[in-house]
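Hi,

Here is the structure I promised to pass on to you. Have a look at it first, and then read on for what turned up.

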Amino acid sequence: MTLRDILPGEQCIIKGIYVNNLRKRIIDMGLTTGTVITVKKLAPLGDPIEIHVRGYSLTIRNSEARMIEVDKIEAKR
Amino acid sequence: MIRIALAGNPNSGKSTLFNGLTGANQSVGNWPGVTVEKKSGRIKHHDFEAEVIDLPGIYSLSTISLEEEIASKYIIDSNMDLIINIVDASNLERNLYLTYQLLDSKAPMIVALNCMDIIQKKLDNIDIQALEAELQVPVIPITANKKQGIKELLSFIATFDYKNQTRDHRYSEPIENVITDFTSILGDRFLAVRFFEDGLKAIESANLKPESVNKILEAHRCAAGKFAIDFDMVLPNDRYDRIITVCNKVLTKSSVAYVSKTEKIDSILTHKWLGLPIFGLIMLGVFFLAFGPIGTTITNWFVMGIDWVISKIGAGVDSLGMASWVSSLITNGVFGGLAAVVGFLPQLMILFFFLAILEDSGYMARAAFIMDRVLRKFGLSGKAFIPMLIGFGCSVPAMTATRTLDRDEDRKVTTMIIPFISCGAKAPIYGVFAGALFFRYSYLIVFSMYLLGIIVAILSAILFKKTILKSASANYIMELPEYRSPTAKNTFLHTWERSKGFLIKAGTVLLGAFIIIWFFSYFGFVDGTFRLLADEEIEHSILGAIGKFLLPIFQPIGFDSWKSTVAILTGFIAKESVVGTLGILYGVTGNVVDNGTLLFEPIRAAFTPAQAYAFMTFALLATPCIAALSAMRKELNSWKWFTFAVAYEMIVAYLVSLVIYQLARLELGTFLSILFAIMVLAIVFFTIRRFIVRKGVVCGSCTSCGLKDECALPKKTEFDALLETKQKDDVK
Ligand SMILES: Nc1nc2c(ncn2[C@@H]2O[C@H](COP(=O)(O)OP(=O)(O)O)[C@@H](O)[C@H]2O)c(=O)[nH]1
Ligand SMILES: [Mg+2]
């Protein structure tokens, strides 16, 4: 499953990143393997998405989100 | 004199600190990408003196845009005596990433830990000594925007023994082994680390011998197999692991939960349904305030004031009994032109004021976030929204701001469409025509001009992307900064800086232009003698001759008097002078006293609404002023592109005005038909939009790493990705 499939409010953990234009930048911004990210929201037009990672807010497009392989963290209640 | 560079993440407060250190007034704004060129200044502390350089912000030494490259090259190549790394303490984890990259270099370094006020507000705590021990460089806490800690920082720099700084940072064992291998070939540890991260791109400038290149490639191949994770993730992973350990040691989070106001504000401003309408309302609101009843009323008072002053000056000049050409120069040339332009200062100031608030609060970044989806349809990144928005103020800084865009093609496209965006200097033109001819609807007309500019800009972007700049594929990745309440000081500083720019231009370039225009329009041959002309004789002037000569070209777009032609011509010097010239040509000073709104009467007499609209359209779209042209030349960095852009803009301006004027005439020149023309444009634009082809996924990081064929990184095949894109969007 990729980051694109995670709904707003849900959390996930990064498994790997496929090759894409922004791969190196995505990694430098702190999205390394094993990092936990929270999807905060979609932009009003559905794209880009806002995620919370390493204590700050980052926005990326769906096309890049689709290149990030993740595991969903099931919310514990 | 020693040289100090300020390096840090975008939006970490570098420019604020730069201003604090040097006393300069550099632009500060709450979004990534405010500083796009390095700026240098001087600091003095007793008898210590140094040159400080404010660089564009970077997240990493591996760069993806031109401005980042400037900054990164500067840090890597230019042997600074000292680097002050500014770290935003409220965003420690991500900020320290760059710090650790910088620590790999040999440059002497100190860390200025900024935004300590936020740490205090959150009741968190950072152990400065512990951080110093971890980083092995001095750490000085500051709050740049409240000028706290600046003095301490200054006196620390003044006495700091930067030449003897030593530090020793090691990565984990397997990484160090690889670095040692690379170092033995490249001869430099920092270069080896850069090669590890960036591939061949990092050693381009090192000019290695071919056999060394082969050797290093062999070493790279060998090393890549040794790690369980992707090779390009090895170093970042290790760094972030280290950073987390450091953060756990030095940062104690308060037990009181801190609710950030950003989240609350964003729950409305970027809301799923509300976000877009609010965005539209904010933009419309700004234009309504600046060009609607309020702005117009303020302008009217202001103009009345100017009238009064000028009538006094006119009376004074007349009473002095000077040579007739002198008093003509003063009343017609200087004040006739200036008064018409300066009258619009209040409206511009309102516009600048709101732009400043949007910038300082952090809403600009949200605007890019909201607009990305739309702009991508035109092949642009949401980030292109920011330069375009600045373009509403002035094209010159807007073109400079295109450097925040990642790709050269994106920069070219954005630079070439910025002139279509209606800049502040064009506003007076609409002010005059809309005010004189469209009465109650005047602000709607003004808004429609802005809209028209945007539509033409967008259509052009699509055209460029479809034809000559195909390779462009705009990237988008952007941080959303925390909202900050704009400080009164900053807002007024911003407003004032831009208004001052306008006034200075009015006072220098424009004043010169007005005097030249005055000469060309008040001197000419009458009955075979060359002499000063009276107001009624302007027709016989030199400018009149040029205007008449060119008039046939402009007749199809509704110009029926050489005066319009001349006014447009002078607009190439500066857009403000269009109104100024009209002022001179229609002898504004003549009826200053009895008519408050200077130009309205003569304009009403000389233009039909359709003509006025075509005139405004041409002024909006035609080649920008000299200052913008030179900025465009600089950003495009090629005469070929520059010539193309200028020719393109002229042709588009002519064609669009032609269509609008001819359409408007068919419908008896009513203003409804103009709206119709805009609708036609909109339909064309939506049709073209449907035909934009999506791009597949290209191996971008690989082209830059130079190891294309041996790339071992995981790929989704291009076909897969394309298919997926299609399906996802079809579902929507
Ligand atoms: N709360 C707080 N805000 C700051 C501080 N220093 C700068 N800022 C704000 O941070 C934003 C970015 O500042 P700027 O100097 O333009 O950052 P640059 O992009 O690194 O040059 C502006 O809105 C500043 O007012 C600080 O110490 N505390
Ligand atoms: Mg800056």
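Let's start with a pair of helices in chain B of this predicted model. Helix α21(B) covers residues 427-437 and helix α27(B) covers residues 576-585. Their axes come within 6 Å of each other and cross at roughly 40°, so α21(B) and α27(B) count as oblique to each other. If you want to find the spot on screen, α21(B) brings P428(B), I429(B), V432(B) and F433(B) to the contact, while α27(B) brings V578(B), V579(B) and L582(B). Sorted by class, this contact has seven nonpolar residues, with no polar and no charged ones.

Now to the place where the two chains meet. Chain A and chain B bury about 4400 Å² between them, and 56% of that is on carbon and sulfur atoms. On the chain A side, N21(A), R25(A) and R61(A) lose the most area to chain B, and together these residues make up 16% of what that side buries. As for residue numbers, 40 residues from chain A and 60 residues from chain B take part in the contact.

The rule finds eight salt bridges across the interface of chain A and chain B, and over all chains the count comes to 30. R23(A) forms a salt bridge with D230(B), at 3.1 Å from N to O. D230(B) sits in the loop between α10 (210-224) and α11 (231-250) of chain B, and R23(A) sits in helix α1 of chain A, so this pair joins two chains. R23(A) also forms a salt bridge with D232(B), where the closest N and O atoms are 2.5 Å apart.

Which parts of chain A supply at least two residues each to the side that touches chain B? These are α1 (23-28), β2 (36-42), β3 (49-53), β4 (56-60) and α2 (62-65). The largest share, six residues, comes from α1(A). By class, the side of chain A that touches chain B has 17 nonpolar, nine polar and 14 charged residues.

Happy browsing, and do write back with any questions.

Best wishes

Methods. Residues are numbered from 1 along each chain as its sequence is written. Chains are lettered from A and ligands numbered from 1 in the order in which they are written. This is a predicted model: local features need pLDDT of at least 70, side-chain atom pairs count only at pLDDT 80 or more; totals for chains, interfaces and linings use all residues. Side-chain values use heavy atoms; hydrogens and water are left out. Axes are lines fitted to C-alpha atoms, for helices over the stretch in contact, and angles run from 0 to 180 degrees between N-to-C directions. Helices (H or I, at least four residues) and strands (E, at least two) are DSSP runs, numbered from the N terminus. Angles under 35 degrees count as roughly parallel, over 145 as roughly antiparallel, 65 to 115 as roughly perpendicular and the rest as oblique. Contact means heavy atoms within 4.5 Å. Ala, Val, Leu, Ile, Met, Phe, Trp, Tyr, Cys and Pro count as nonpolar, Asp, Glu, Lys and Arg as charged, and the others, Gly among them, as polar. Buried area is the accessible area (1.4 Å probe) that two parts lose on being put together, summed over both. A salt bridge is a side-chain nitrogen of Lys or Arg within 4 Å of a carboxyl oxygen of Asp or Glu.
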